[in-house]
Amino acid sequence: MLEIKNIKYEYKKGPLVLKDISFEMDKGDCLCILGPNGTGKTTLLKIILGFFKPLAGSLYIDAQNLSEITPHKRAKLIAYVSQSSNIIFPYTVREVILMGRTSHLSIGASMTSADNSIVDEVMKGLCITHLQYKYFQNLSGGEKQMVMIARALSQQAKYIIMDEPTSSLDYSNQIKILNTIKQLSKAGYGIIMTSHSPNHAFTSCNKVLLMKDGYIMDFGSPEKVVSSKNLTKLYNADVGVAKAILDDELFTYASKVCVPII
Amino acid sequence: MKNDKFSIRFPIFVTILSICLLILFIISFQIGSYPIEANVLLDVLLSKIMDIRVYWDSTVEKIIMDVRIPRIILGILVGGSLSVSGASYQTLFKNPMVSPDILGVSAGAGFGAALAMINSGTWAEIQISALLFGLLAVAIAYLISKVSGTSDITTFVLAGVIVSNFFNALLSVVKTYADTDSQLPSITFWLMGSLGKGDTEDLIRIVPIVFVCIAILFICRYYIDVLSTGDEEAMAMGINVNIIRTAVIICSTLMTVISVSICGTIGWVGLVIPHIARMFVGARYSRLLITSFLMGGFFLLLMDNIVRGVSTVQLPLGVLTSLVGTPVFAVLLIRSRRGKENA
């Protein structure tokens, strides 16, 4: 259980970015945070990851206070997939994924064959074994994102935080990543992701948090929270939510979709 | 599909490099105005630990023990230290164009040495002054970046550039006051770098520092890899970024400053060697550390042998490393750009 209680945060000499944020989620949940630019989504993620210290409030994972544990221990609880990763030196994919094992090393120790087999397993699970000896810097955006997810998985933390995991990807890679996220939450990982596309809430998440001006506007299941009324208010623009029922020669599928009214 | 070529290549490469270094080490004794045969060298060295009948001249022993050995080993250690510092800074700062003097060490040390020289300091005083001002320069750069309130590495590097320029200006001031007959030439020669002044005491001073620093860097090897992906990602992977970064900077700075204080500024080694090492063994820091040290030691010893071998004029070591280093770097640059296009 990840519990966030009354988080407040401000940048140096600036106004409050996060005014009062509280929510809970469990392992196996996939939480999508939606909100306009500059509303504090990324800030919230960075507070959960411990990059910033909140002005007030507390964070718990399984009743463990996150502000009282070392970065080393925190890394075993939460992993991070950043928006885009920029690795300058020619590390191979395998080496990059192996970096996720660092938090499990004791000081001065070497990586063992156990660490290597965890990497093997993770790569196999995500179907990226064929990339292992390629240079990370030569991969495509979609492949890079998969490797970043693999690195987070090799960290063996139960919660994974993803900052706009699909932001710079083409359509097919977006679908691939969203699908992976769904599979991971089914496998028991707790996932928090931010997104600029409210449709992502329907495709892979079971919880949605709407953030505006540093407050939580609404929180709950996508069916309940992602509504025409809420989205229109959230984005200050006319957005409707429609039912999509597919019944053609290819698919039989029912979902909801968000439609901008222009 | 390529195999992981570096895992296979690395042990072979290190073995070859070690053998080359050993051979060069032995050859180095032959070079100079007083050549020493290999069997005499071996006997002299062995006589220190075993009972061997002395059949050689005492001058030979003196040259081997007091002149050649310090100079040769210093060459290896200085070359190795500068290269390892360069490799560490490059990985840490996520910038392949960084050299060990990026934070102002060399400029500070140059000023310190010059200051001691115009005050007619002894060799030991010159060294200590170079050491202190080298450290002072980095400390000032650190303070500037601290005062700015940001903890990001770019500020630190920029502060290093500022401090470097400031100390270079101070150095020019000292130069204008220097006596043009004796002090100015010695300052100029110091700045061009030379292993000629190193003695056994320098060796005794540098060995433990280099050993401890490299040991600490080796312990941090995985953390340094992780730091090269960025501060936030490193933090999320459980690294205490500030502690590791400080440790790496302190170790690299110490190795650079001790090297510079003994042999003046020697350019390009710390920048070029890590690049060549990376081409052979990949980016992983643990491999880069070992390879850079061996390659850097080999390179500087080779350059110093050329300096000693050309008897007509003693070319300054720092000038020679730049003369060789720059074209090598140009070739590397062209190769890597071409490689990228083909990939």
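Where in chain A is the place of A:Y253? In this predicted model, A:Y253 sits in strand β12, which covers residues 252-260 of chain A.

**View 1. A:Y253 and its nonpolar neighbours on the surface of chain A.** Look for A:L246, A:L250, A:F251 and A:Y253, which form a nonpolar patch on the surface.

**View 2. Chain A as a whole.** Chain A is built from nine helices and twelve strands. Its C-alpha trace spans about 55 × 55 × 30 Å along the principal axes. A compact globule of 262 residues would have a radius of gyration near 18 Å, and chain A agrees with this at 19 Å. Of its 262 residues, 50% count as buried. Among the contacts in chain A with a separation of 6 or more, 64% join residues 24 or more positions apart. The accessible surface of chain A comes to about 12,000 Å², and carbon and sulfur atoms hold 53% of it.

**View 3. Helix α5 of chain B and what covers it.** Helix α5 runs through residues 123-147 of chain B. Buried residues of α5(B) include B:W123, B:I126, B:G134 and B:V138. The cover over the buried residues of α5(B) includes α4 (105-118), α6 (153-177) and α11 (241-263) of chain B. Just after α5(B), find B:G149, with a positive phi of about 85°.

Methods:
Residues are numbered from 1 along each chain as its sequence is written. Chains are lettered from A and ligands numbered from 1 in the order in which they are written. This is a predicted model: local features need pLDDT of at least 70, side-chain atom pairs count only at pLDDT 80 or more; totals for chains, interfaces and linings use all residues. Side-chain values use heavy atoms; hydrogens and water are left out. Patches are made of residues with over 30% relative accessible area and no salt bridge: like charges are joined within 9 Å, nonpolar side chains (Val, Leu, Ile, Met, Phe, Trp, Tyr) within 5 Å. Accessible areas come from the Shrake-Rupley method with a 1.4 Å probe; for residues, only the protein chains shown count as cover. A salt bridge is a side-chain nitrogen of Lys or Arg within 4 Å of a carboxyl oxygen of Asp or Glu. Helices (H or I, at least four residues) and strands (E, at least two) are DSSP runs, numbered from the N terminus. The expected span of a helix is 1.5 Å times one less than its number of residues. Buried means under 20% relative accessible area, exposed over 50%, partly exposed in between (1.4 Å probe, protein chains only). Contact means heavy atoms within 4.5 Å. The radius of gyration is taken over C-alpha atoms; the globule rule is 2.2 Å times the number of residues to the power 0.38.
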